[in-house]
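Subject: Structure handover and notes

Dear colleague,

Please find below the structure that I promised to pass on to you. My notes on what was found in it follow directly after.

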Amino acid sequence: GALGSPVMIEGNTSSPTGLSLGAASWRESEVECPGGSLLQIGIHFIDNFRYLLGDISRVQGWQHRVRPGAGSPDTTQTLLQFTSGVTGALASSYVTASTRWIRLSGTKAIACYDGTHGLVIERVGGPAEVLLPPMSNEQVFAGTLADEITEFAACIRDGVPPETDGLTGARNLAVVLAAVRANETRAAVEVRPLLRAAGIAE
């Protein structure tokens, strides 16, 4: 409740990966990697967005390729509408310097995390406050990888349900595929029909 009622969420997860990809890479295939950078790295932010704000009901997306030649898109912009009515925007690219940040705006405060400033809270009428210091990409990767392996072992050894299971992954994927379809049709796409077509209960 410290942020008040959620208003919108924004994020950018990008890297220079595409600048060194070979033509044979699966990331360059529109069949194996529809949506390009949105599928490969943006989907993790979709997972974060859904964790914070619930299911996404409608998507509008724009995807294009900055690099010359054929292949999957390397730069994407996606607009999201959550079932709650909250809106979001997600940028993802393979052809920029690495950046990862999320900003959640509420009626009382804004929470923003990035690798440069850490987790910062900006309150309406008050000073900004750093709640968590910044971490390097190496620290973030090492920490999240260790957490992932620890959780995986607990799921096997102790039968603990995974924090992110296959159904969650499928729901995240449906949002990406809705964005791909929105780019193709130049119109907003509802996520629910894609879930129904995949046999996923709402």
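**What covers helix α3**

The buried residues of α3 are covered by elements that include α1, β2 (56–64), β3 (75–82), β9 (189–190) and α4 (192–197), where contact means heavy atoms within 4.5 Å, and where helices (H or I, at least four residues) and strands (E, at least two) are DSSP runs numbered from the N terminus. Please keep in mind that this is a predicted model, in which local features need pLDDT of at least 70 and side-chain atom pairs count only at pLDDT 80 or more, while totals for chains, interfaces and linings use all residues. Residues are numbered from 1 along each chain as its sequence is written, and side-chain values use heavy atoms, with hydrogens and water left out.

The residues of α3 that count as buried are R171, N172, A174, V175, V176, A178, A179, V180, A182 and N183; buried here means under 20% relative accessible area, exposed means over 50%, and partly exposed is in between, with a 1.4 Å probe and protein chains only. Helix α3 itself (residues 166–185) has 20 residues and reaches 28 Å from its first C-alpha to its last, close to the 28 Å expected at 1.5 Å a residue, the expected span being 1.5 Å times one less than the number of residues. This helix lies across β2, β3 and β9 and runs at about 55 degrees to β2, with axes taken as lines fitted to C-alpha atoms, for helices over the stretch in contact, and angles running from 0 to 180 degrees between N-to-C directions.

Just after α3 comes R186, which has a positive phi of about 60 degrees although it is not a glycine. R186 is found in the loop between α3 and β9, and because its relative accessibility is 59%, R186 counts as exposed. On the strand side, Q60 is found in β2 and counts as buried because its relative accessibility is 18%. Leaving aside residues up to four places away in sequence, Q60 touches Q77, T78, L79, A182, R186, A187 and A188.

**Helix α1**

Does α1 leave its residues mostly covered or mostly uncovered? Helix α1 is mostly covered, with 13 of its 17 residues buried. At 1.5 Å a residue, the 17 residues of α1 should span 24 Å, and its end C-alpha atoms are 22 Å apart, which agrees. Just after α1, G54 takes a positive phi of about 90 degrees.

The structure holds one aromatic pair. F45 and F49 form this pair, which is tilted, at 6.4 Å centre to centre and 40 degrees between the planes; rings of Phe, Tyr and Trp (its six-membered ring) pair if their centres lie within 6.5 Å, and planes under 30 degrees apart count as stacked, over 60 as edge-to-face and the rest as tilted. Both residues, F45 and F49, are buried, and both lie in α1 (residues 37–53), four residues apart, about one turn of the helix.

L39 also has its place in α1 and is buried, with a relative accessible area of 15%. Not counting residues up to four places away in sequence, L39 touches E32, C33, P34, L173 and V176. L39 and S92 are 53 residues apart in sequence and 9.3 Å apart in space, C-alpha to C-alpha.

**The sheet**

Nine strands form an open sheet with mixed pairing, in the order β8-β7-β6-β5-β1-β4-β3-β2-β9, where two strands pair if DSSP finds at least two bridges between them. Its edge strands are β8 (128–132) and β9, each of which pairs on one side only.

Strands β1 (residues 6–14) and β4 (residues 87–93) pair in the parallel sense over seven bridges, and the bridge partner of S14 in β4 is S93. By contrast, β5 (residues 99–106) and β6 (residues 109–114) pair in the antiparallel sense over five bridges, with R103 standing opposite C112 in β6 and a hairpin of two residues joining β5 to β6. The pairing of β6 with β7 (residues 118–123) is antiparallel over six bridges; here A109 stands opposite R123 in β7, and three residues lie between the two strands of this hairpin.

With best regards
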